[in-house]
Amino acid sequence: AAGNFGGASAAAEGYARQRPGMFEALSLAGDAALANNAPLVAQDYYRRAAQVRFPDRMLLRTVEALEKSGRGREAPALVLSYASAWPASRLAVRMAAGHAAYAGDWAHSRSLLEHLAYSGGGARDGRLLVDLSLAQLNSGDAESARDTAQRAARLLPASSVAAQAWGMALVELDEDPDLARQLLDKARRIDGDNPLLATARKRLGK
């Protein structure tokens, strides 16, 4: 907390040497190494910790370590493997959906996000619904995208991403241009412009 990451790493590594088979010691050493900008060291500690226990919170940090060490291309396979082994992990399924979206596999991303949205209270997760709306829109189902984004906007009335998702769906449907313009303007006021927003505004003629 004081910013002494080197000291934290030294203390955590000493603890891990004293307790070489203890999950808490190994994961703590991995966290300290990651904070100390030593992702390769963090990966080794996380690998050893995962042999004892592998909660999904450590999956998130393992992926971060992979990305920081330039091995981010390995992350999708790791996440998919984890989600297959522990399908009840909502975090792993959410991460798998994100990787699918980045890879352009919007149908798979949509399938995963819909599973989350319709189970375990996902219908009340506004950010999840925004992501689902974008996956629906990019998989060619603008009507579902509109309905999902509208639900997200009700849950997150001050959210720029919810407003943008709803506005983009309306633009795609060529429906209610006044409302679409209001939503896109709202998104722009809150968080500024971005390529998707600029494209939607251009299509709307503004």
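User: How many aromatic pairs does the count come to?
Analyst: The count comes to 3 aromatic pairs. Bear in mind that this is a predicted model.

User: How is the Phe54 and Tyr82 pair arranged?
Analyst: Their ring centres are 5.0 Å apart and the planes sit at 80°, so the pair is edge-to-face. The cut-off for that label is over 60 degrees.

User: Where in the chain do those two sit?
Analyst: In distant parts of the chain, 28 residues apart. Phe54 is in the loop between H3 and H4, while Tyr82 is in helix H5.

User: And is Tyr82 buried or exposed?
Analyst: Tyr82 is buried, with a relative accessible area of 6%. Phe54 is buried too, at 19%, and the limit for that label is under 20%.

User: Which ring does Trp86 pair with?
Analyst: Trp86 forms an aromatic pair with Phe54, and this one is edge-to-face, with 6.3 Å centre to centre and 75° between the planes. The pair again links distant parts of the chain: Trp86 belongs to the loop between H5 and H6, 32 residues from Phe54.

User: How accessible is Trp86?
Analyst: Trp86 has a relative accessible area of 44%, so it counts as partly exposed. Put together, ring pairs link Phe54, Tyr82 and Trp86 into a cluster.

User: Which residues lie nearest its centre?
Analyst: Ala101, Trp106, Arg127, Asp131 and Leu134, out of 20 residues that line the largest pocket.

User: How does that lining divide into nonpolar, polar and charged?
Analyst: The lining of the largest pocket has 13 nonpolar residues, 4 polar and 3 charged.

User: What about the second largest pocket, how much space lies in there?
Analyst: About 240 Å³. The second largest pocket is lined by 13 residues, and Arg47, Phe54, Thr62, Leu66 and Leu78 are the closest to its centre. Phe54 is also part of the ring cluster with Tyr82 and Trp86.

User: Which helices give two or more residues to that lining?
Analyst: Helix H3 (39–50), helix H4 (56–68) and helix H5 (75–85). H3 gives the most to the lining of the second largest pocket, with 4 residues. By class, that lining has 7 nonpolar, 3 polar and 3 charged residues.

User: Switching topic: where is Glu114?
Analyst: Glu114 is in helix H7. Leaving aside neighbours within four places in sequence, Glu114 is in contact with Leu132 and Gln136.

User: What joins the side chains of Glu114 and Gln136?
Analyst: A polar contact of 3.4 Å.

User: And what separates Glu114 from Leu170?
Analyst: The two are 56 residues apart along the chain, with 20 Å between their C-alpha atoms.

User: Last one, Ser133. Buried or exposed?
Analyst: Ser133 has 1% relative accessibility, so it counts as buried. Ser133 is in helix H8, one of the helices giving two or more residues to the lining of the largest pocket.

User: Which residues does Ser133 touch?
Analyst: Not counting residues up to four places away in sequence, Ser133 touches Ala145, Thr148, Ala149 and Ala165.

Notes. Residues numbered from 1 in each chain as written. Predicted model: local features only at pLDDT ≥ 70, side-chain atom pairs only at ≥ 80, totals over all residues. Heavy atoms only, no water. 1 Å grid on protein atoms, 1.4 Å probe; cavity = no way out; pocket = protein on both sides within 12 Å on 5 of 7 lines; lining within 4 Å. Nonpolar A, V, L, I, M, F, W, Y, C, P; charged D, E, K, R; others polar. Points joined across faces, edges and corners; volume = space filled by probe spheres on them. Contact = heavy atoms within 4.5 Å. Polar contact = N/O pair within 3.5 Å; in protein donor to acceptor, adjacent residues only side chain to side chain. Phe/Tyr/Trp six-rings, centres within 6.5 Å; stacked < 30°, edge-to-face > 60°. Buried < 20%, exposed > 50% of the residue type's maximum accessible area, 1.4 Å probe, protein only.
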